[in-house]
Amino acid sequence: MTQKLSYAEFLIEQLERTESDSSTIGVIPKGAYEEVVIFELVNGLREFLAEIADNYGLDARFDDARLLSAELQSRGVISPEVEEICLSISDDGWIAALINEHEENCGGKSTVSSSESGVQTLNFHGVQQLVPSTAESGSKFWFSQLSSLIDRHREGLVEW
């Protein structure tokens, strides 16, 4: 999980560098960086859930928050981290936005538009609609939220 977060952080830095350096515009589209960061963050979240499951003595296959929450509840265990994740999976939570963006990216929704020269380009939908109310990009926001969640969980384990 740490590796996925480190890779996502590296890609966010590359994305910011691409945005500030006009000489690299067009080499690697901003959307491509965003999609890879989102992919790494979703997989990092899944690994985090598997880590939580392992901490409670469950099989690591519980990498879905709702399934993990149900299994923990059936055993009489309440995990604040899992409950926080479940709350954020609601329609207006940051994890819901992250997962929706990931599903949209993986859904292959695209339109083909042809230019005057006959070359066709793919335009991916949704990449710009990440977190419109923040000054930072969606991927950077989601990275900071996920990192904070993981740090809080790990600090709780140390105290426990």
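The largest pocket holds about 280 Å³ of space. The model is predicted: local features need pLDDT of at least 70 and side-chain atom pairs count only at pLDDT 80 or more, while totals for chains, interfaces and linings use all residues. Residues are numbered from 1 along each chain as its sequence is written, and side-chain values use heavy atoms, with hydrogens and water left out.

A pocket here is an open set of points on a 1 Å grid over the protein atoms alone, where a 1.4 Å probe fits, with protein on both sides within 12 Å along at least five of seven lines; lining residues have an atom within 4 Å of a point. The volume is the space filled by probe spheres set on the points.

Of the 16 residues that line the largest pocket, Arg46, Asp64, Ala65, Ile89 and Ile99 are the closest to its centre. Two or more lining residues come from each of α2 (30–55), α3 (65–74) and α5 (94–106); helices are DSSP runs (H or I, at least four residues) numbered from the N terminus. The most, six residues, come from α5. By class, the lining has nine nonpolar, two polar and five charged residues.

On the surface, Tyr7, Phe10 and Val36 form a nonpolar patch with about 260 Å² of accessible area together. Patch residues have over 30% relative accessible area and no salt bridge, and nonpolar side chains are joined within 5 Å. Areas come from the Shrake-Rupley method with a 1.4 Å probe. Tyr7 is in helix α1 (residues 2–20) and is partly exposed, at 38% relative accessible area; buried means under 20%, exposed over 50%, and partly exposed in between.

The structure holds seven salt bridges, each a side-chain nitrogen of Lys or Arg within 4 Å of a carboxyl oxygen of Asp or Glu.

Arg152 is partly exposed at 38%, and Glu84 is partly exposed at 33%. Salt bridges that share partners join Lys4, Glu40 and Glu47 into one network. Lys4 is partly exposed at 22%, as is Glu47 at 32%. Asp59 is partly exposed at 44%, whereas Arg61 is exposed at 58%.

Note on methods
Nonpolar A, V, L, I, M, F, W, Y, C, P; charged D, E, K, R; others polar. Patch = residues over 30% accessible without salt bridge, like charges linked within 9 Å, V, L, I, M, F, W, Y side chains within 5 Å. Buried < 20%, exposed > 50% of the residue type's maximum accessible area, 1.4 Å probe, protein only.
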